[in-house]
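Subject: Structure for your review

Dear colleague,

Please find below the structure that I am handing over to you. My notes on its nonpolar cores and aromatic rings follow it.

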Amino acid sequence: RFHQHHNQFQIKFKFSVANVTTAMYLSFLLIICYTLPPLLRACPIYLTISLDGKTLQDSHIEVNWGPECHEYPEWIGIFNEDPSTAYVPPEARITDITNSSGKIVSDVKIGKLRFPQGWNNYDENVVPIEYPKGKCLPYYVASFNGTELLTVECLKIQPNWMSKLDHIAQMPLKELFIPGTHASAAYVANLTKTKSVLIKDYVVAQQFDVWSQLVFGIRYLDFSIGYDKIDDVYDSNNADNFYIVNENKLVRPLRSVLRDIKRFVQLSHEVVILDFSSFPIGFYKHPERHSGLNHLLREEVGDIVYIRNTSTQEGSKQCDELTIEEIRKDNKYLIILYPVQELPYPESESKMLCSNWKRFSTAFMNTSEALDNMRLLFSKKQNSPIQNEGWVFQAIRSMEQSLNNNKLETAKERAAILNPKVTSWLKGPWSLAANVVAFDYFSNTNIIDVAIYANMHKAFNMANKNFVNFEIVSV
């Protein structure tokens with residue numbers, strides 16, 4: 001069975017252990033795999049968005065290749081149309097590719113980015129088209145030897161990947177690779193109008209709002225929550241005092257973010273995990289504010305949150321053991337992770353909330369320490385702190401850690417250093433051990449494609465447990 005994914009052609013075939021004829025045929029396939037045409041050995045390439053612009057529109061397209069390119073293309077081009085279907089001149093051309101992996105910032109800017117109709121946040125009363133395999137935006141990258149086209153990729157949205165991927169709905173959440181963002185709603189729409197350097201350089205952590213993150217394919221959102229008017233006693237009329245927080249600064253009201261999430265999952269039927277990870281402003285010694293926040297969640301998204309029915313076998317499961325199929329059975333799409341111990345009784349027994357999953361972070365590690373930490377976590381060996389459970393890996397660097405380099409790096413500078421390294425490390429076997437992986441500035445990675453590919457592999461293995469599975473990959 002042949003298929004192409006991430007510029008890799010794979011030969012996959014399966015046979016029962018008792019099927020000797022197929023086993024003999026395997027040796028024949030092993031021989032011919034070495035005679036595959038150059039297209040099957042093409043160097044993987046993909047696009048990301050650089051973090052060099054003051055705004056998203058000013059940011060440039062990055063061309064990435066690798067890892068482990070052994071046969072370099074003569075040149076790589078960036079196009080605004082698919083060069084495999086029509087001749088179009090490249091907007092930018094890259095030559096002299098001599099490294100097995102790399103990244104180059106092109107001269108091509110993102111400009112005004114618009115999604116297909118129905119998937120923009122402002123597209124009212126429009127039913128969007130489903131894209132089970134993603135939809136390319138007008139940013140393409142292709143590699144060539146002379147005029148011979150080797151491989152094509154694009155910057156794409158993945159609004160329906162989780163609900164459309166074969167067999168994935170039967171897998172528990174803890175076995176999926178779920179791409180996520182850290183400080184998910186730490187976003188400012190128009191940075192040019194923001195005078196605060198602190199906000200621009202240190203508080204903002206994403207190039208895209210939560211709606212756009214979900215359209216691209218993010219399925220885990222991390223929120224820190226603050227209470228705006230600290231001196232007020234909570235009442236139900238003060239729900240708009242709950243704010244998204246990052247770096248101890250109030251960013252935006254939570255209510256509007258919840259409404260965007262609700263609208264997206266109702267359009268896409270995708271499952272999304274909301275993780276309320278910290279409460280740095282206004283919650284200390286105020287358990288009633290946790291009750292108020294719980295009330296806001298019930299009011300805004302209570303009808304689409306999975307409710308545990310502890311009287312049934314399914315309802316007694318831990319939330320990380322639930323499958324997408326079980327969650328969506330009654331038109332539910334959200335899983336809420338919350339430190340339920342902070343809630344007063346009886347809210348602490350709420351069946352709408354799930355206990356937080358284990359969380360690991362590289363925030364206070366240098367690059368070498370981050371790699372060692374990932375080696376421990378993703379190995380899943382006996383000494384690993386992860387054993388058959390839901391967990392979150394936050395690939396981030398804190399502001400304090402950057403001071404160790406005698407320079408206060410901005411959030412973008414920190415992400416630009418760490419993101420490519422972590423993404424590269426996850427493209428090997430570690431992707432099959434990943435659960436939730438969350439980034440600042442996720443758009444500087446191709447983590448969504450990496451996660452989808454890993455889940456395809458996991459789902460294929462799950463669906464074929466009774467077969468021996470051989471996979472030959474030519475890069």
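In this predicted model, the largest nonpolar core holds 113 residues, and the members that touch the most others are F223, I225, L274, F276, L293, F378 and F393. Helix α11 (residues 447-463) supplies the largest share of this core, with 7 residues. Domain 1 (45-157) and domain 2 (168-464) each contribute at least three residues to this core. Another core, of 8 residues, lies apart from it and includes V204, A411, A415 and Y441. As background, nonpolar side chains in soluble globular proteins tend to be buried together.

Beyond its neighbours within four places in sequence, F393 is in contact with F360, T362, N373, M374, L377, F378, V422, V436, V437 and A438.

Turning to the aromatic rings, the structure contains 18 aromatic pairs. One of them, formed by F279 and F283, is tilted, with 5.1 Å from centre to centre and 50 degrees between the planes; both residues are buried. The ring centres of F378 and F393 are 5.4 Å apart and their planes stand at 80 degrees, so this pair is edge-to-face. F378 belongs to helix α8 (residues 367-379) and F393 to strand β18 (residues 391-395), so that the pair links parts of the chain 15 residues apart. F378 and F393 are both buried.

A single aromatic cluster is formed by F223, Y227, F242, F276, F279, F283 and Y338. Finally, R93 lies over the face of W75, at 3.9 Å from the ring centre.

Yours sincerely

Key:
Residues numbered from 1 in each chain as written. Predicted model: local features only at pLDDT ≥ 70, side-chain atom pairs only at ≥ 80, totals over all residues. Heavy atoms only, no water. Core = buried A, V, L, I, M, F, W, Y, C linked by side-chain atoms within 4.5 Å. Buried < 20%, exposed > 50% of the residue type's maximum accessible area, 1.4 Å probe, protein only. Helix = DSSP H or I, 4+ residues; strand = E, 2+ residues; numbered from the N terminus. Domains from an automatic or database assignment. Contact = heavy atoms within 4.5 Å. Phe/Tyr/Trp six-rings, centres within 6.5 Å; stacked < 30°, edge-to-face > 60°. Lys NZ or Arg CZ within 6 Å of the ring centre and 35° of its normal.
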